[in-house]
Amino acid sequence: MAAFSNIRIDGDRLWDSLMEMAKIGPGVAGGNNRQTLTDADAEGRALFQKWCQAVGCTMGLDQMGNMFARYEGTDPDALPVYVGSHLDTQPTGGKYDGVLGVLGGLEILRTLHERGIKTKHPIVVVNWTNEEGTRFAPAMLASGVFAGKHTQDWAYDRKDAKGLRFGDELERIGWRGDEEVGARKMHAMFELHIEQGPILEAEGKDIGVVTHGQGLRWIECTVTGKESHTGSTPMHMRVNAGRGLAQITELVHEIAMKHQPNAVGAIGHIDIYPNSRNIIPGKAVFTIDFRSHLQEVIDAMLEEFHDRAPKLCEALGVTLETEIVGQFNPPAFDEGCVAAVRSAAERLGYSHMDIVSGAGHDACWINDVAPTAMIMCPCVDGLSHNEAEEISKDWARAGADVLFHAVVETAGVEG
């Protein structure tokens, strides 16, 4: 065990793998555009499978396209320890968001393989489909089906901006499996991820030990007015959907500010119709993102929004329709798994702190069906969902080292 405690992953090999994966679906400014169920996604999956098979893994594939690379343990009846994240990216995504967690898991298997280390429990590295939720809303779609939050039929019917169905695109790229979604049982699940926020870098910490995640509500709003000519329509006769969007944008900001420091809120996705320079908008469709790690805060923000937003729109003469298109409650991660992460960081000599995840992750859904924990490493200026997203090789190595020890010790080192 003393010898095992000194093992570190190969940080250079992990970094080279990150750079190799980043060649697939390159962005226009140094990042990636490897959106889910695109040809680039299929290519990235194939590379991941090739790497996993090189260390003797078998690859499972379920009906949502979730990939499960299994590295056998000494006890075939023991439930596996799962580790992973996602390979899909935002349209202007970085090279590390999600990918670090998948390839960090692969690095665990490579290290075990080359050193001949055996664990009692099998270890499974997973690539969850459509974590980002950009092309097909909501986010964490496939892990949500796995955890019983969505039905598979509902997920298959999700459509992208071009009207293409999730189920059809999964078939098209050739990554729909036969395995029943959610049939797998887990001993535990660990996910490594970049922080996507500025706290760890600002505090000078190598590792974030994630104790809780934020819950969220995504509210899709449709404000309907009346299209008319911007030059010839008198100001007092306009029914401007854009004004509804503008006033609700300010309302969302105001509501979130009332609940500091435990809440955030903003409008992200916006479509304006007909989106012409000389036509007053007749319709605005946009999505509100409210988040907090406290359920009572989420509930309070929603209540205030649903009370005030319709009144704002009524005063403008426009109509408002709303629909919840994404939601999950704030998760508290498993105390035993969190302790394993914290203990690994301490023994390895990495500086660390407890942290709440500001973003949603697949681990937030899996936490409902298995003991789960997350590990975070810093990212430069807290920037993510941006092609300029950046981490250091040392940060990646530290996160993967802690991941290795937390996962392998949970899986039970043999001998």
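1. Starting with the annotation: UniProt, in an unreviewed entry, puts "domain: Peptidase M20 dimerisation" at residues 214-312 (such annotations may be inferred rather than shown by experiment, and feature names are shortened). Over residues 214-312 the chain is 36% helix and 34% strand, with the end C-alpha atoms 28 Å apart. Helices here are DSSP runs of H or I with at least four residues, strands runs of E with at least two, numbered from the N terminus.

2. Bear in mind that this is a predicted model, where local features need pLDDT of at least 70 and side-chain atom pairs pLDDT 80 or more, while totals for chains, interfaces and linings use all residues. Residues are numbered from 1 along each chain, and side-chain values use heavy atoms, without hydrogens and water.

3. Leaving aside residues up to four places away in sequence, Phe190 touches, among others, Tyr82, Cys337, Leu403 and Val407 (contact: heavy atoms within 4.5 Å).

4. Helix 2 (residues 11-22) and helix 3 (residues 39-54) pack at about 150 degrees, axes 10 Å apart (axes are lines fitted to C-alpha atoms over the stretch in contact; angles run from 0 to 180 degrees between N-to-C directions). Helix 2 and helix 3 are therefore roughly antiparallel, the term for angles over 145 degrees. Ser17, Glu20 and Met21 of helix 2 meet Gly44, Leu47, Phe48 and Trp51 of helix 3.

How values were computed
Angles under 35 degrees count as roughly parallel, over 145 as roughly antiparallel, 65 to 115 as roughly perpendicular and the rest as oblique.
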